[in-house]
Amino acid sequence: MGLAIQQEVFLPEDHERFARRLEESLAALRELLARPGFGEGAATIGAELELFLVDARGYPLPVNRQVLARTVDPRVTLEMDRFNLELNPRPGPLAGRPFRALQGELEDSLREVRRAARTQGARVAVVGILPTLREEDLGRGALTAQPRYRALSAAIRERRAAPFHVAISGEEESLALTWDDVTLEGANTSFQMHLRVAPRDFARLYNAAQLATAPVLAVSGNSPLLLGHKLWDETRVALFRQAVDDRVEPGEGGFCSPARVTFGHGWAREGAYELFAESVALHPPLLPVMGHESPLERVAEGGLPGLDELRLHQGTVWTWNRAIYDPRESGHLRIEMRALPAGPTVVDMVANGAFLLGLTLGLGERMDTLLPALPFAHASGNFLRAARRGLDAELSWPGESAPSPRLVPVVELVRRLLPVARRGLLVSGVEAEEVDRMLDIIARRVDTGRTGARWQRRVLARLEAEMPRRDALAAMLERYLQHAESGEPVHTWPED
């Protein structure tokens, strides 16, 4: 996110200075993107994984600082709520065997976190939303004691000047509650993929990622439960938007500013610059912390600016696919793909990531014909339908013979798109055996109709026939954790 945050209280003049620095940073970024050779280089991938710490009964255990203190693994960092941690495996080249390498990184880091967690009586749960999470596990006491999180929570709460209202309607049940802080955000954990992209290819591949996200999310669902309620297959999508919504109620004329959590506002036309400029234009700064570097002076000297303030601001605008500027490795751009859930197993997550990356690369070759045939509103609607209904969703997609979009069942669409993803990975230099190993997991998941979300729903239904829901949730989570530690993909898990 750029700058370290130690300050928690900001004055109007802090916001004014920061706003001027953001404008300067955008000007510096524009000049940098025009510099010959900037951002060129071999494609690389990276990832982030958020997780829960739970006690022996499967309930959240707020000991993330203690667990972090017991590990020397630099890939482990804190997250917003005290029962969350984040893993940041080392990035690597896309060509060759990237998914085997990523799987090894994640498994190695998870082993170390599990070891450290045991010293605090904790276990690790990798799941989109913890099924056993209760309202009493949240609230201000759940916030990790760091200035960054306190400042962010205070800034969002101050801008909103009203409680957060969460309302989610599922196929079976609904949930409505009022909340006073941002700790509901910690109920969501995700597996985020990063793809390094050359500036000249950014708009094309960003749009492809936007288009690819819905079918991949539909086949990756793992968050069907929140606070004891059966909701969307990917309830995270509905919850995250509402849990950090800094907007005030609509004013005169019904106008309401754009949400900070969004799928976007249209297809990218120019590239990364317009996405950063959009974030600055649409969203007031939450954390106006200034660095010492003048970005324009740095660029004028022929150097590489950190753009720390712009990166910090971009980190407080949570688009589901986000543009990233990184000054490391001679400077480059990435697409951060934020929609996928954590879990159920490492191999499931890596397969999800492989499908998303491959589909992005494969569709990227066809964007000139696909975009005119699919209005952005259709892609945005696809995302919400995929999150709500998972494998039962129907998505709007251009036809094979006619360009006009039609509704296609997800199962049919995914089978059609797997060869596109395979081609995208092969053309990018990923070994065929590696590609087939990953995409076969997705194909088997579709054939069995068993995602993490579906497994949770079916097992919970069986257990509820024998015991109250609260007990059934805990019993279901126990089975989930046992199967997850086996490392076997979710499509092989028994449902008894």
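## Basis of the report

This is a predicted model, in which local features need pLDDT of at least 70 and side-chain atom pairs count only at pLDDT 80 or more, while totals for chains, interfaces and linings use all residues. Residues are numbered from 1 along each chain as its sequence is written, and side-chain values use heavy atoms, with hydrogens and water left out.

Helices (H or I, at least four residues) and strands (E, at least two) are DSSP runs, numbered from the N terminus. A residue is termed buried under 20% relative accessible area, exposed over 50%, and partly exposed in between (1.4 Å probe, protein chains only). The buried residues of helix 6 are Thr235, Arg236, Val237, Ala238, Leu239, Phe240, Gln242 and Ala243.

The elements covering these buried residues include strand 6 (164–169), strand 9 (225–226), strand 11 (261–262) and strand 12 (318–319). Helix 5 (202–218) and helix 12 (376–389) are also among the covering elements. Contact here means heavy atoms within 4.5 Å.

## The nonpolar core

In soluble globular proteins, nonpolar side chains tend to be buried together. A nonpolar core is defined as a set of buried Ala, Val, Leu, Ile, Met, Phe, Trp, Tyr and Cys residues joined through side-chain atoms within 4.5 Å. The largest such core in this model holds 168 residues, of which Leu49, Phe99, Phe202, Leu226, Phe355, Leu359 and Leu363 touch the most other members.

Neighbours within four places in sequence aside, Phe202 is in contact with Val197, Gly271, Ala272, Leu275, Ala323, Leu333, Arg334 and Ile335.

## Strand 3 and its partners

Strand 3 (residues 84–87) is covered on both faces: Asn84 and Glu86 are buried on one side, and Leu85 and Leu87 on the other. Two strands are taken to pair if DSSP finds at least two bridges between them. Strand 1 (residues 44–54) pairs with strand 3 in the antiparallel sense over 4 bridges, and Leu49 stands opposite Leu87 in strand 3. Leu49 is also one of the core residues that touch the most other members.

Strand 2 and strand 3 likewise run antiparallel, joined by 3 bridges. Thr77 has Glu86 in strand 3 as its bridge partner. The hairpin from strand 2 to strand 3 passes through 5 residues.

## Salt bridges

Side chains of opposite charge can pair when their charged atoms come close. With a salt bridge defined as a side-chain nitrogen of Lys or Arg within 4 Å of a carboxyl oxygen of Asp or Glu, the count comes to 47 salt bridges. One of them joins Arg75 to Glu105, with the closest N and O atoms 3.2 Å apart. Arg75 lies in the loop between helix 2 (64–69) and strand 2 (76–78) and Glu105 in helix 3 (residues 98–118), so this pair ties together parts that are 30 residues apart in sequence. Both Arg75 and Glu105 are buried. Glu431 and Arg97 form another salt bridge, their closest N and O atoms being 2.8 Å apart. Because Glu431 lies in the loop between helix 13 (410–427) and helix 14 (432–448) and Arg97 in the loop between strand 4 (92–93) and helix 3, the pair links parts that are 334 residues apart in sequence. Glu431 is partly exposed at 35% relative accessibility, and Arg97 is partly exposed at 40%.

A salt bridge also joins the side chains of Glu412 and Arg406 (3.5 Å, N to O). Glu412 is partly exposed at 37% relative accessibility, as is Arg406 with a relative accessible area of 40%. Elsewhere, salt bridges that share partners join Glu172, Glu173, Lys230, Asp233, Asp392, Arg454, Arg457, Glu464 and Arg469 into one network.

## Two buried loop residues

Asp73 is placed in the loop between helix 2 and strand 2 and is buried, at 10% relative accessibility. A polar contact is a pair of N or O atoms within 3.5 Å; within protein, one must be able to donate a hydrogen and the other to accept it, and residues adjacent in sequence count only if both atoms are side-chain atoms. The side chains of Asp73 and Ser109 make such a contact at 3.3 Å. Beyond its neighbours within four places in sequence, Asp73 is in contact with Ser109 and Glu112.

Ser190, in the loop between strand 7 (174–179) and strand 8 (191–197), is buried at 6% relative accessibility. Its side chain makes a polar contact with the side chain of Gln192 (2.8 Å). Ser190 and Ala342 are 152 residues apart in sequence, yet 4.4 Å apart in space, C-alpha to C-alpha. Leaving aside neighbours within four places in sequence, the residues in contact with Ser190 are Glu48, Leu49, Glu50, Arg236, Arg338, Leu340, Pro341 and Ala342.
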